[in-house]
Amino acid sequence: MQSTADHLDLTPPRNGRWLGPLGLALVAHGLLVIALTMGVQWNHDAEPMAVEAELWSRNPQQAAPREVAPPPPPPQVQQAPTPPPKPVPAPTPAPPPPGPTQAEIATAQAKKKAEAEKRERAEEAKKLAAQKAAAEKVAAEKKAAAEKAAAEKERQQKLADQKREQQRKEAAEEKRMAQLHEDQIKRMMGQAGATGGPQSTGSAQQSSGPTPGYAGRVAARIRPNVVFTDIAPGNPRAEVEVRTQPDGTIISRKLVKSSGNASWDEAVLRAIDRTASLPKDTNGTIPQPLTISLRPLD
């Protein structure tokens, strides 16, 4: 039954359901018009009567339409009452958790203390590391500054040494030029009574040097001790000043004119050191000092 009532509520109204009520309304209005017509006709036939009327409205007004009763609603099917829900028992409150014991409290305090000490140690280690890094940075800066100062000092020392060496070379060159100038003057002064040949370059009036063959004898004494395996282009000549004792023992040697080849200069000096002594001249003496000239290809 409930299903049928629901079906009627949800089914759209059928076509023509208002034709009956509409026909009844038209018939009622037709009867009303006939009754009014007959009343007016009856009133027209009767004698005129004086009628007093009280006007409530200045202008005529039209009456509202008659209320039409709506169709009766479809019968509703009463549903069975829904039983009330059963009461749900209230949940039993859980018992409060037990509080911490004295041992747990002491353990938590000890743990907090240990963590605080650990943080303090970490902060102290961090401070020490920062101080160490700052000290290392300062030491590195000082070291870099010291190295820079040492490099600058070395550079200045090198420049000073180069300047002194240049001054020494200039002084030696000036001394050599002065000696050459002096020798030139002596040679010019001694030419008046000189006995040398046209090609003589000495400044004395008479020659007092070694005999013509003495230089060959000295070279023959030194030549076997020369050890030189390099190639010396141009056959350069090295001049060495040698001083000896009266018996011919060599006591000193000095390179007075380089050949331009350092290997040949060293070979000549080593050969003189190996020779140890020089032969005497025909007069039984050795010129002091004695200048020896040697070439690789002589």
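Predicted model: local features only at pLDDT ≥ 70, side-chain atom pairs only at ≥ 80, totals over all residues.
**Helix 5 and its surroundings**

Let me start with packing: the buried residues of helix 4 sit against helix 5 and against strand 3, residues 290–294.

Which residues of helix 4 are buried? In this helix, residues 214–222, they are Tyr214, Val218 and Ile222. Their directions span an arc of only 70° around the axis, so they lie on the same side of helix 4.

Some overall numbers. The protein has five helices and three strands, and the order along the sequence is α-α-α-α-β-β-α-β. There are 298 residues, and buried ones make up 11% of them. Taking contacts with a separation of 6 or more, 67% are between residues 24 or more positions apart.

Now helix 5. It has 14 residues, and from first C-alpha to last it reaches 20 Å, close to the 20 Å expected at 1.5 Å a residue. The buried residues here are Trp264, Asp265, Ala267, Val268, Leu269, Ala271, Ile272 and Thr275. Their cover includes helix 4 and strands 1, 2 and 3.

What caps the N-terminal end of helix 5? Asn261 does, with a side-chain oxygen 3.1 Å from the backbone nitrogen of Ser263. Asn261 belongs to the loop that runs between strand 2 (250–257) and helix 5 (262–275). Its relative accessibility is 17%, and because the cut-off for buried is under 20%, Asn261 counts as buried. Leaving aside residues up to four places away in sequence, Asn261 touches Ile231, Ala232 and Pro236.

Trp264 deserves a separate word. How many aromatic pairs does a search of the whole structure find? One. The partners are Phe228 and Trp264, in an edge-to-face arrangement, with 5.3 Å centre to centre and 75° between the planes. Phe228 is in the loop between helix 4 and strand 1 (238–244), while Trp264 is in helix 5, so the pair ties together parts that are 36 residues apart in sequence. As for accessibility, Trp264 is buried, at a relative accessible area of 1%, whereas Phe228 is partly exposed at 21%.

Last, the backbone geometry. Most residues other than glycine have a negative phi, and most peptide bonds are trans. Here are some exceptions.

- Asn235 has a positive phi, near 50°. This residue is in the loop between helix 4 and strand 1, and at 16% relative accessibility Asn235 counts as buried.
- Ala276 follows helix 5 and has a positive phi, near 75°. Ala276 falls in the loop between helix 5 and strand 3, and at 41% relative accessibility it counts as partly exposed.
- The peptide bond from Gln288 to Pro289 is cis, with omega near -10°. Pro289 is also in the loop between helix 5 and strand 3.

To sum up helix 5: Asn261 caps its N-terminal end, Ala276 with its positive phi comes after it, and its buried residues are covered by elements including helix 4 and strand 3. That is all from me.

How values were computed
Residues numbered from 1 in each chain as written. Heavy atoms only, no water. Helix = DSSP H or I, 4+ residues; strand = E, 2+ residues; numbered from the N terminus. Buried < 20%, exposed > 50% of the residue type's maximum accessible area, 1.4 Å probe, protein only. Contact = heavy atoms within 4.5 Å. Arc of directions from axis to C-beta. Phe/Tyr/Trp six-rings, centres within 6.5 Å; stacked < 30°, edge-to-face > 60°. Expected span 1.5 Å × (residues − 1). Polar contact = N/O pair within 3.5 Å; in protein donor to acceptor, adjacent residues only side chain to side chain.
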